[in-house]
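Dear colleague,

Please find below the structure that I am handing over to you.

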Amino acid sequence: MNDWILVVDDDTSNLKMASYILGGVQMRVSCLKAGGDAVQFLRENRPDLILLDVHMPGMDGFQTMQAIREKAAADIPVIFLTADDDSNTEKRGLELGAQDFIKKPFVPEVLLLRVRHTIDLSRLQADLEREVLKKTQEIAAQHEKLERISMQIVKALSGAVDAKDTYTNGHSLRVAEYSREIARRAGLSGETQNDIYMMGLLHDVGKIGVPDAIINKPAHLTEEEYSVIKNHPVMGARILKNIKDFPKLITGARWHHERYDGKGYPDGIAGEEIPLEARIIAVADAYDAMSSRRSYRDVLPQEVVRGEIEKGRGTQFDPVMTEIALGMIDDDKEYQMRER
């Protein structure tokens, strides 16, 4: 069945252009010129994706999206269309739950790639939710089997995330292992250690929503590209939030880039406001970033990595978790904790 796209824009030329581009790859396109019409349409129809103009008379795009979420379709992905070059517009749209923004006038290749990518991401999330639900229903009779299969699914998903980056291999698995060892040395329970391991495996799942060209860019990122990267914690939490049997799974995904001094993202929380699991994963993630190859450098020497981790104690990282990580580094006489 062809993908079905609803385009909402008060400009007829934009509707015609979107229809021409998307219809050219056999997508089904429905066009509406007002937000109210879109809300009514979505009460009876379920397209795969909504392309929604920000500036429209009557209900603007933001008001339309709120109405869609409250009255019509809570889970259909939305991409905003805008000619604005304004970070506040993008921030507000992302806060409302938009998956992406597309600048007008359309660049056909960009429009097609972002539409295709967003639909694929939405289906991946739905497939993951269905798989978890299916396995949960079998838990009474197949508890041991469920745990094994669930771990394989999580590892496969984390592997798919890592595969987006040409220059890293096994990052999520290493972060999970380092995080679990920090938790063990911190005296946390076996159950908590296992939870942190799972969170570590999926801490970067939001990067599924980041274009490959940005992840693999060998040069420094532009401010706009960096803002896209910085959205991956929010995207990751959105992907994982509906796994009801493991609500804490979002913890590592959303808060692993928070800083102990409050200067991190996406929420700017500080100290013990940051969940302990995320504070642990933050240290492990930074350690592996330095002890892994990147597009612009090789694995850093162990003494350099140690120095950077120590420098971040109490500012970037939880001081207690930093001390444990430094102990792990000091115990690693042969520098085995690194990408091979």
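Which residues of α14 are buried? In this predicted model, they are Gln302, Val305 and Ile309. Viewed down the axis of α14, these buried residues fall within an arc of 65°, so they line one face of the helix. Glu303 and Lys311, on the other side of α14, are exposed. The buried residues of α14 pack against α13 and α15.

Tyr287 deserves a separate paragraph. Leaving aside residues up to four places away in sequence, Tyr287 touches Tyr178, Val305, Ile309, Ile329, Asp332, Tyr335 and Met337. Both Tyr178 and Tyr287 are buried.

As for aromatic rings, there are four pairs. The ring centres of Phe80 and Phe101 are 5.5 Å apart and the planes stand at 35°, so this pair is tilted. Phe80 belongs to strand β4 and Phe101 to strand β5, 21 residues apart. Together with Phe62, these two residues form one aromatic cluster. For Tyr178 and Tyr287, the centres are 5.4 Å apart and the planes are at 85°, so that pair is edge-to-face. Tyr178 lies in α7 and Tyr287 in α13, so the pair ties together parts that are 109 residues apart in sequence.

Finally, the charged end of Arg180 sits over the ring of Tyr197, 4.0 Å from its centre.

With kind regards

Conventions. Residues are numbered from 1 along each chain as its sequence is written. This is a predicted model: local features need pLDDT of at least 70, side-chain atom pairs count only at pLDDT 80 or more; totals for chains, interfaces and linings use all residues. Side-chain values use heavy atoms; hydrogens and water are left out. Contact means heavy atoms within 4.5 Å. Buried means under 20% relative accessible area, exposed over 50%, partly exposed in between (1.4 Å probe, protein chains only). Helices (H or I, at least four residues) and strands (E, at least two) are DSSP runs, numbered from the N terminus. The arc is that of the directions from the helix axis to the C-beta atoms. Rings of Phe, Tyr and Trp (its six-membered ring) pair if their centres lie within 6.5 Å; planes under 30 degrees apart count as stacked, over 60 as edge-to-face and the rest as tilted. A charge sits over a ring if NZ of Lys or CZ of Arg is within 6 Å of the ring centre and within 35 degrees of the ring normal.
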